[in-house]
Amino acid sequence: MTVVQEAMPRMVSRVIPVDPFDLVIFGGTGDLARRKILPGLFRRYCAGQMPPTSRIIGAARTDLDVAGYRQMVAEAITEFSDPTPPTDKLDAFLAQVCYVAIDAKGESGWAELQQLTEGADRVEAYYFSVAPTLFGDLAERLQLWGMAGDEARIVVEKPFGRDLATAKALNGTLAKYFNEKQIYRIDHYLGKETVQNLMAVRFGNMLFEPLWNAQYVDHIQITVAETVGVGGRGEYYDKSGAMRDMVQNHLMQLLCLIAMEPPARFDPDAVRDEKLKVIRALDPVLPHHIMRGQYAAEIGNEVQQPSYREAVGDPRSKTESFIALKTHISNWRWAGTPFYMRTGKRMSARSSEITVVFKETPHSIFGEEAGKHRNVLSIRLQPNEGITLGVTIKEPGPGGMRLIDVPLDMSFAEALGGDIEQVDAYERLIMDVIRGNQTLFMRGDEVEAAWAWTDPIIHGWEARGEVPKPYDSGSDGTTDSHELMRRDGRKWREVKP
Ligand code: NAD
C-alpha cells in the first residue's frame, strides 16, 4: 500500500510556547541533568517554546558560581546535544540559567534559593534529579522555606522505591508536603513520540479497536534490549536487577498502554485509571514462566568485556541482567492472550519494541503452498521510532498466487513533509510539567500497584534460591527464554537495531 502524498497536507510541527516558569533542578550538576535535562531545555529554547523570562536554576552540592555553572551547561550542550550550537542562541539561553550551591540535607543555600524564587509570578517547578534518598529532605525543606505552595510542582525520578513498602513510604513522605496533582513521577518511556502515537492509532481509528482483544490477537511481545552492560553503575544495579530497574516501570507502563480500555477522555486521571485497572488485573507469574540471566564475559579481538559478575564485583551475585516472562491479564478483553516481556543488557542490538501478533485467518483459501500468514503490528520506540503493520499481499508477478508479508509504514514521517521535529522524551515531559499536564506521568497508586505485582515474583525466586543462568553477550538472552516461546509454539521477534 502506498501513501498518496498529494492528498496529504504538508505538516509542520507546531510549537506553542509554555507559560513563563522557574525550573529548579536539584542535582543540576549530575549526569542526568547534563545528558538530558539541560540539553533538552536548550532545544526547547531554540524551538521557541521557552519564554525569555523563564529561568533555569541549577541547585546542587557542587561548589560553583553562576559563571561556572553556565560554563558547565554550555559544555553539556555541546557534548550531548549540539557540538556547534549557534552562539547567539546559546548566550541568550545561558543568560536565563543561574545556580545555587545547596545542601538537601542541611541549611546551606536554602535562603538564597528562596530569595531567588520569591514573589515570582510564574509556574514554579522543582526537578528532583538526585538520589531518591534525598526526595524526602528536599520536599521537607521546600515546605520549610515556603516554596511548596499549592501551585508548585515537583518532578521525581526513578527508581520510585525498591518494593511496595518503600514506594508506599516514599508516597507517604511526599504526600506530607505536596498533593498528588503536584507530583510528576517521570518514566521517560511515556514521553516517546511513538507511545503517544500508539494511543492515537488505537483510539483515533475505527480499524484497530474491534480487533484489539483475545479473539483476534494471538499474543503480545514487549522487548527492551540494550547492548551496554552495567558499566560504572554495577554496585547500584546489583541491588536492583532487570525486574526492578526495567520491568516494574518501563515495561509495565508499555503493557498498560497496549492493554488498557479506551479511556472516556484523554485526560490525566481518565488515562491513568484505565492503566491502573490493567495492572490490577495482571495474573501472578508462575515460576516456570520466568527466565533470568546474567551476561557472560565477551572475549573480543581487542578488548575483553567483563561478565556481569565481574562488572558488579560479586562472584556470587544472584541479580539478573536479563529477564523474560509470560503473564496474562484476567479481564474480558484479554483472557487467554499471553503477554511476553523481556529485557536485558549486553544483548545483540539496542531495540525497544512492542509487537501485537494477530491470529491467522480462520481458513486459508489459497492452499497450503501459500504458507501461513499473520498480521503483525510493530511499535518501535528506539531506535527509529515508528509503527508498522505487516499485511499479507500477493507477491507481484506472473508466478501464480503466492503470498508475502509487507510492512505498511504508519509513521508517515515522509508523507507529513519530513519537517516533523524530533523531540526527546525528557523535553516533552518537562514541557508537560510546565503546562500542568500529568497524563504521561505515573500516579502514586499506579506505582504501588506495579510493585504489588512485582514483589511476590521477586520473593518467589529469592525463596527458591534461584540463580540466573549465563547468556552470551551479544545474544538475545538465555536459551530457556527461547524455550519459553517454543513451548507455546511461538517465537520472539528478532532483536534488530
Ligand atoms: P549523579 O550522581 O550524577 O548526580 C547527583 C546530583 O545530586 C549531583 O548534582 C549532586 O551534586 C547532587 N547531590 C548529591 N547530594 C546532594 C545533597 N546532599 N544536596 C544537594 N545536592 C546533592 O546522579 P544522576 O545520574 O544525575 O541521577 C539523578 C537521579 O536521576 C537519580 O535518582 C537517578 O536514579 C535518576 N536517573 C538517572 C538516570 C541517568 O541516566 N543518569 C536515568 C534515570 C534516572
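In the predicted model, the ligand is surrounded by 21 residues, the closest of which are Thr29, Asp31, Arg35, Ala104 and Val130; a residue is taken as near the ligand if one of its heavy atoms lies within 4 Å of it. By class, this shell comprises nine nonpolar, six polar and six charged residues, where Ala, Val, Leu, Ile, Met, Phe, Trp, Tyr, Cys and Pro count as nonpolar, Asp, Glu, Lys and Arg as charged, and the others, Gly among them, as polar. Helix H1 (residues 31-46) gives the most to the shell, with three residues; helices (H or I, at least four residues) and strands (E, at least two) are DSSP runs, numbered from the N terminus.

A polar backbone atom of Ala104 is 2.8 Å from a nitrogen atom of the ligand, while oxygen atoms of the ligand are found 2.7 Å from a polar backbone atom of Val130 and 2.9 Å from a backbone N or O atom of Lys158.

The structure holds 37 salt bridges, each defined as a side-chain nitrogen of Lys or Arg within 4 Å of a carboxyl oxygen of Asp or Glu. One of them joins the side chains of Asp22 and Arg55 (2.7 Å, N to O); because Asp22 lies in strand E1 (residues 21-26) and Arg55 in strand E2 (residues 55-60), the pair ties together parts that are 33 residues apart in sequence. Asp22 is buried, at 1% relative accessibility, whereas Arg55 is partly exposed, at 22% (buried means under 20% relative accessible area, exposed over 50%, partly exposed in between, with a 1.4 Å probe and protein chains only).

A further salt bridge links Arg443 and Asp273 (2.9 Å, N to O). Arg443 lies in the loop between helix H12 (425-435) and helix H13 (444-463) and Asp273 in helix H10 (residues 268-280), so the pair ties together parts that are 170 residues apart in sequence. Both residues belong to a network of salt bridges that also includes Lys181, Asp269, Arg272 and Asp445.

Residues are numbered from 1 along each chain as its sequence is written. Local features need pLDDT of at least 70 and side-chain atom pairs count only at pLDDT 80 or more, whereas totals for chains, interfaces and linings use all residues, and side-chain values use heavy atoms, with hydrogens and water left out.

How values were computed
A polar contact is a pair of N or O atoms within 3.5 Å; within protein, one must be able to donate a hydrogen and the other to accept it, and residues adjacent in sequence count only if both atoms are side-chain atoms.
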